[in-house]
Amino acid sequence: LVETALMAPFEVAFLEPELWNFLFTLNRLIELAFLIDMIMCFCTAYDVPGQLAETRRSRIAINYIRHWFFIDLITVIPYDWIS
């Protein structure tokens, strides 16, 4: 997150866009890490107040989709490839 917060504005403001340089590769690896995290969120149990952790995958998926899925989805879309 620190690399994304610091380097993305610098890269956009001062560097010419190049395909397959070090920063491009680093950004793709970071996006891959975010994508893997997103997939793992579909399998990670969550706490239910007053009960045990919810471990049913269907409930985990519904909870994730209701709360963080669309925010996470927006972060992994490669906008530089779309434009």
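1. Surface. The protein chain exposes about 6,800 Å², and carbon and sulfur atoms supply 70% of that area. The model is a predicted one. Of the 83 residues in the chain, 18% count as buried.

2. Charge. The protein chain carries 5 positive and 10 negative side chains. The centres of these two sets lie 21 Å apart.

3. Elements and overall form. The C-alpha trace spans about 55 × 25 × 20 Å along its principal axes. Among contacts between residues at least 6 apart in sequence, 40% join residues at least 24 apart.

4. Helix α4. This helix covers residues 69–76, and F69, D72 and V76 are buried in it. Seen down the axis of α4, the buried residues fall within an arc of 70°, so they line one face of the helix. An α-helix has 3.6 residues a turn, so residues three or four places apart point the same way. What covers the buried residues of α4 includes α2 and α3. On the face turned away from the buried side, α4 carries the exposed residues F70 and I74.

5. C41. This cysteine lies in helix α2, a helix that runs over residues 22–41. Leaving aside neighbours within four places in sequence, C41 is in contact with I60 and Y64. C41 and A61 are 20 residues apart in sequence, and their C-alpha atoms are 7.9 Å apart in space.

6. E54. Where does E54 lie? E54 is in the loop between α2 (22–41) and α3 (57–67). E54 has a relative accessible area of 11%, so this residue is buried. Not counting residues up to four places away in sequence, E54 touches A45, Y46, V48, R59 and I60.

How values were computed. Residues are numbered from 1 along each chain as its sequence is written. This is a predicted model: local features need pLDDT of at least 70, side-chain atom pairs count only at pLDDT 80 or more; totals for chains, interfaces and linings use all residues. Side-chain values use heavy atoms; hydrogens and water are left out. Helices (H or I, at least four residues) and strands (E, at least two) are DSSP runs, numbered from the N terminus. Buried means under 20% relative accessible area, exposed over 50%, partly exposed in between (1.4 Å probe, protein chains only). Contact means heavy atoms within 4.5 Å. Accessible areas come from the Shrake-Rupley method with a 1.4 Å probe; for residues, only the protein chains shown count as cover. Lys and Arg count as positive and Asp and Glu as negative; His and the chain ends are not counted. The place of a charge is taken as NZ of Lys, CZ of Arg, CG of Asp or CD of Glu. The arc is that of the directions from the helix axis to the C-beta atoms.
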